[in-house]
Amino acid sequence: MGNPLGWLDDSLQELRDKKLYNNIRAIESPQGAWLTVDGRNVLNFCSNNYLGLANNPRLKQAAKDAIDKYGIGPAAVRTIAGTMSMHIELEKRLAAFKEAEAAIVFQSGFTSNLGTIPALVGPGDVIFSDALNHASIIDGCRLSRAENIRYDHISPESLKAQLQEKRSQFTKAIIITDGVFSMDGDIAPLPELAELAREYDCMMMVDDAHGEGVMGHGGRGIVHHFGLQGKIDVEVGTLSKAFGVVGGYIAGKANIVEWLRQRARPFLFSSALTVPDTAACLEAVHILEESEALTEKLWENTHYFKEKMQTLGFNTGKSVTPITPILLGAESLAQTFSQKLFAENVFAMAIAFPTVLMGTARIRVMISAAHSKEDLDFGVAAFTKIGKETGVLS
Ligand SMILES: *Cc1c(COP(=O)(O)O)cnc(C)c1O
């Protein structure tokens with residue numbers, strides 16, 4: 001008799017042998033500057049909780065009040081009975097915050113990409129995609145069955161060459177890029193990309209998951225950072241990172257949003273964002289609209305940490321955002337470094353091949369407004385100690 005599941009044990013073992021197996025740690029405390037992990041209190045350098053909103057009292061209260069009033073689940077997809085007035089309000093507030101004509105909310109940033117790309121392009125169309133775009137963009141492109149052409153990472157020259165050669169062979173076209181790239185903390189050259197989109201008759205889409213709440217005035221994102229409001233057709237946002245909750249959205253031209261309400265499959269075939277999530281997201285938008293204090297603190301922390309690390313002699317690569325890679329090189333060195341940091345009560349992820357190029361392994365430090373100067377000093381001291389121990393610092 002055959003064993004149809006036999007391949008699994010072999011494949012799992014192969015992951016372990018190649019050191020590609022994900023050992024997933026469970027967090028035993030709320031999100032914040034410090035986390036309880038395996039019963040220990042560790043400094044959190046891993047989360048996308050850029051503004052510290054994930055455990056914010058106002059968000060928690062808004063979620064509780066909404067539960068008392070409206071319950072928990074939406075009990076339907078948005079197009080049947082799952083659209084609550086709160087969803088509509090969130091969409092209006094997000095559009096206003098982003099200075100876009102309209103917005104549509106999805107269950108996550110991931111589903112926003114999966115729903116949007118196939119709704120905009122299909123067979124006979126073409127996608128020009130940055131070589132380092134996020135997995136959800138890559139999957140959305142595959143689902144669309146449009147021709148997918150990669151251009152070199154953040155290279156308008158490479159994109160232009162591809163457009164010149166291939167654009168005319170297809171009907172519709174879209175250029176898609178991450179705004180902030182999550183592994184290096186570098187950013188897309190949006191003005192140049194938008195100009196090429198105009199020149200070659202392409203739609204322009206940017207996924208601002210790591211720019212939301214971070215870049216631009218008061219965290220309005222990378223489009224705002226470059227002053228390109230109204231010039232980018234589709235902005236993907238996440239509510240799961242700086243906004244501290246979970247969810248995703250598209251902001252852009254009213255007709256695009258209207259089309260997505262008719263055609264985006266996760267909107268049509270998967271239930272709506274829950275009541276507490278929606279209420280907490282609304283409160284997060286209110287907080288961002290009221291004050292720039294959190295984004296300012298985030299940037300102050302980012303500059304403080306980066307400057308200290310660079311002065312010590314660490315290489316922080318091309319980062320211009322709170323995502324701070326500490327480049328180490330060898331895959332095994334990054335793994336060892338991360339384990340030694342954890343022993344010093346600093347929780348920071350090693351990122352290695354195949355997530356990044358071979359030989360560019362690093363520790364990725366995620367800075368948050370939730371960190372105090374003392375927290376950052378504690379982290380820097382641990383990096384200094386392990387840096388000397390491992391010979392990274394002389
Ligand atoms: C994190 C991320 C997503 C996914 O967002 P979720 O809301 O967590 O699903 C999508 N795109 C990019 C670029 C991301 O970094």
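Contact here means heavy atoms within 4.5 Å. The views below show a predicted model, in which local features need pLDDT of at least 70, side-chain atom pairs count only at pLDDT 80 or more, and totals for chains, interfaces and linings use all residues. Residues are numbered from 1 along each chain as its sequence is written, and side-chain values use heavy atoms, with hydrogens and water left out.

View 1. Thr295 belongs to helix 13, residues 293–312; helices (H or I, at least four residues) and strands (E, at least two) are DSSP runs, numbered from the N terminus. With a relative accessibility of 7%, Thr295 counts as buried (under 20% relative accessible area, using a 1.4 Å probe and protein chains only). Leaving aside residues up to four places away in sequence, Thr295 touches Leu51, Gly213, Gly218, Gly219 and Leu288. A polar atom of the Thr295 side chain lies 3.0 Å from the backbone oxygen of Glu292.

View 2. Two strands pair if DSSP finds at least two bridges between them. Strand 1 and strand 2 (residues 40–44) are joined in the antiparallel sense over four bridges. Asn41 in strand 2 is the bridge partner of Thr36.

**View 3. The second largest pocket.** This pocket holds about 190 Å³ of space. On a 1 Å grid over the protein atoms alone, a pocket is an open set of points with protein on both sides within 12 Å along at least five of seven lines, whereas a cavity is a set where a 1.4 Å probe fits but cannot get out; lining residues have an atom within 4 Å of a point. Helix 8 (190–199) and strand 7 (203–207) each supply at least two lining residues, and helix 8 gives the largest share, five residues. Among the lining residues are Pro191, Glu195, Arg198, Met203 and Asp233. The lining comprises seven nonpolar, no polar and five charged residues.

**View 4. The largest cavity.** The structure holds one cavity of 30 Å³ or more. The largest cavity contains about 50 Å³ of space. Its lining residues include Gly32, Asn44, Ser47, Met366 and His371. The lining of the largest cavity divides into three nonpolar, six polar and no charged residues.

Notes:
Points joined across faces, edges and corners; volume = space filled by probe spheres on them. Nonpolar A, V, L, I, M, F, W, Y, C, P; charged D, E, K, R; others polar. Buried < 20%, exposed > 50% of the residue type's maximum accessible area, 1.4 Å probe, protein only. Polar contact = N/O pair within 3.5 Å; in protein donor to acceptor, adjacent residues only side chain to side chain.
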